[in-house]
Structure formats: structure tokens, C-alpha cells
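Q: Please take a close look at one part of this model, the aromatic rings and what surrounds them.
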Amino acid sequence: MEIKKKDVRALTKEQLRDFFEGQGDKPFRGNQVYEWLWQKGAHSFDIMTNLSKITRDMLEANFVINHIKVDLMQRSSDGTIKNAVRLHDDLVVESVLIPTKTRTTACVSSQVGCSLDCRFCATSRLKRMRNLNPDEIYDQVVAIDNESRLYFDRPLSNIVFMGMGEPLMNYKNVIKAIDMITSPEGLGMSPKRIIVSTSGVPKLIKRMADEEVRFKLAVSLHSAIDEIRTSIMPFNATFTLSDLRESLIYWYEKTKSRITYEYVVWKGINDKKKDVDALVDFCRFAPSKVNLIEYNPIDDGEFQQASNATIDMYVETLEKNGITVTVRRSRGKDIDAACGQLANKS
Ligand code: SAH
């Protein structure tokens, strides 16, 4: 029987040092390998030229380096790029590069499929297959950073965890990936340029606050009325708005970091005055801003974006109450790369 070799990037630096020590070699070799793997993005042991051939062969005999493969790159007419990312076990996730005049943002996936069941989201139609490993999340970022340099002549500037999956349902691996992305031993990016977007898992929002994470938090709210939110995001029956509210108060007390609420306004679902009023109330307990996002249809029109007049009503009411609001246009719609469209066709 063939022995399954371990993915070397599942090891911490300390574990790599211990491994070398166990082999009767210098622990420092562990640091060298670690640097090759993360900072230099090595895909094979062979290119680790500061190690002897014997050491490289020994690594080869013990480990594999699982790295992602960008299978298919699609470019939208607005410059957005979507990557179909093949994992070592042949599952596929998607990530997106979103360019603006001044920024390049990577929108990355955290799970294959999703464990939640938001009725308006294409990803929820796939069942959750598995969590992504830290290196699989990290590699998506590296791939987009490379594309940004190649096509836009500048490095990646921002990262949003708004691709496939619910990041907090893959808590440990997402945190590990962000640690590597922000570490000088990895990509050295500022955590302030990273947004983790969640449907809202109160216990884990509190845990992030306790761990004093330094990235930003976005919550996909879509309704501040339990009954309505549960009808479009059924897990809200378990993770109710009052628990969510309490966890967000806790988050703000600990981090002093303003929360962004993502919100789509749909015809006949949350387009009434009472919906905006509930949103205004929800925004009061912690500094926050509202991002009204455009709905990207995923099917036969069960959900329809509200009229411009309704959006204007939201904007006016929020502004009148001193709440910052932005209206976000979708990017990459023609290649199914916009919010909620990932996995629509693949
Ligand atoms: N699970 C996480 C991150 C993935 S979804 C979360 O829920 O936040 C990223 C964002 O896209 C969320 O705000 C989500 O509510 C939104 N979204 C999902 N489907 C959409 C659609 N069809 N049109 C517009 N936005 C959508």
C-alpha cells in the first residue's frame, strides 16, 4: 500500500525545525524550508537550492507540497478576473480579482461549497464539501497578487473573504491563513486591508474579538427583522439577530473596529419603511456603516432587486439618521464573478 505523504505546509515552523532535529540535522533547516514554502512560494523541493540534494530527496520522500492550480482564468469586460482554482483533490473553488483605479482586491473562498443556506446565493446550492486548508486560501491570494502585477502592474492591495463559503465555519484555517498573509514571513500585508465577511456566527464573532484580530469585519445582514431574515437566511433561526447584536457590541468594545453591514434590497422582501427603520435601529448599538449591494440574479427571478426609488429611500433614511451608506455596483457579472454568483455554472 502506498503511504500517503503529509502536506508539508500543514507543519508550523516549529514542527519543521523539530522534524530536522529528529533527522539529526540542524533545526535551522526548518526555517529555510519554511521560507521557501511561504515567502518564496516554492512548488517543489528541488528548487530549494540552499539545501543539499540529500536533504531535498529526504523531504521529497516524506512530504508533498500541495499547491493550487488556476485552471481557467476569465476576464470580464470591466477588468474583473475570475480564477477557477483546482485543489489537490480535484475539487474546484473560485476566486476573483477586482481592479479599480487605485486598488486591486482579491475576493477569496474559504470553503468548497458552503454549509449555510442563504436562498439568494448560488454557492448555497452546492453542498459543503470540505473546508479549505490555510495554504489553499493563501495560494488564492498569491495567484491574484501575481495576476495583479502581471495585468495591472501593481501588487494586490486588499483582500475580502467574500468568495465561496462561510469563513467563520472554517475558523481556524481562515485565521491561520490570515496570519500567514499578514506575517513578514508570508506576504506581509496589513490586516487593515483584509475584510472577513460573515453571515454572522455570534460565538465566533466573540472569539475573534477575544483573540484581538486586527482585520475588519463585515456582516451580511440583509434584514434586521428576525422573521424576514430567517425566511431568506434560514440559519438565522439558530443564530438570531439578538445574539448577533450582542456579539457585535462585544466585537466593537474589544476591537474598536467599525462594522460593515452588507445589505441587498429585494422587491417584496425587505423594501418597506419598516425594514429601513429596523436597519437604522440595528446600526445604532455599534459604530457601523451600510453597504447596499446590487443583487446578482442567480436563477429564474424568485428574488428581484428593488427599484432605484426604494434604494434611494434606504439611502435617504440612513443618511438622515447619521449612518454612513454606500451603494455598490457589481463587478464581473458577465463572467458570473459577482457576489453570490460563484459556482453558478461550474
Ligand atoms: N458567507 C459569507 C461570505 C460569502 S458571500 C457571508 O455571508 O458574508 C459574500 C457576500 O455576497 C455576502 O454579503 C452575501 O450576502 C452576498 N451575496 C450572496 N448572494 C448574492 C447575490 N446573488 N447577489 C448579491 N449579493 C449576494
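What is the relative accessible area of Phe303, and is this residue buried or exposed?

A: Phe303 is buried, with a relative accessible area of 4%. Buried means under 20%, exposed over 50%, and partly exposed in between, using a 1.4 Å probe and protein chains only. Tyr295 is buried too, at 5%.

The model is predicted, so local features need pLDDT of at least 70, side-chain atom pairs need pLDDT 80 or more, and totals for chains, interfaces and linings use all residues. Numbering runs from 1 along each chain as its sequence is written, and side-chain values use heavy atoms, without hydrogens or water.

Now the rings. The structure holds 13 aromatic pairs. One of them joins Tyr34 and Trp38: 6.3 Å centre to centre, 50° between the planes, tilted. Rings of Phe, Tyr and Trp (its six-membered ring) pair if their centres lie within 6.5 Å; planes under 30 degrees apart are stacked, over 60 edge-to-face, the rest tilted. Both Tyr34 and Trp38 lie in helix H2 (residues 28-39), four residues apart, about one turn. A helix here is a DSSP run of H or I, at least four residues, numbered from the N terminus. Tyr34 and Trp38 are both buried. The ring planes of Tyr295 and Phe303 meet at 50°, with centres 6.3 Å apart, so that pair is tilted.

Phe303 also belongs to a cluster: ring pairs link Phe120, Trp266, Tyr295 and Phe303.

The charged end of Arg9 sits over the Trp38 ring, 5.3 Å from its centre. Lys40 places its charged end over the ring of Trp36, 4.0 Å from the centre. The criterion: NZ of Lys or CZ of Arg within 6 Å of the ring centre and within 35 degrees of the ring normal.

Key
Helix = DSSP H or I, 4+ residues; strand = E, 2+ residues; numbered from the N terminus.
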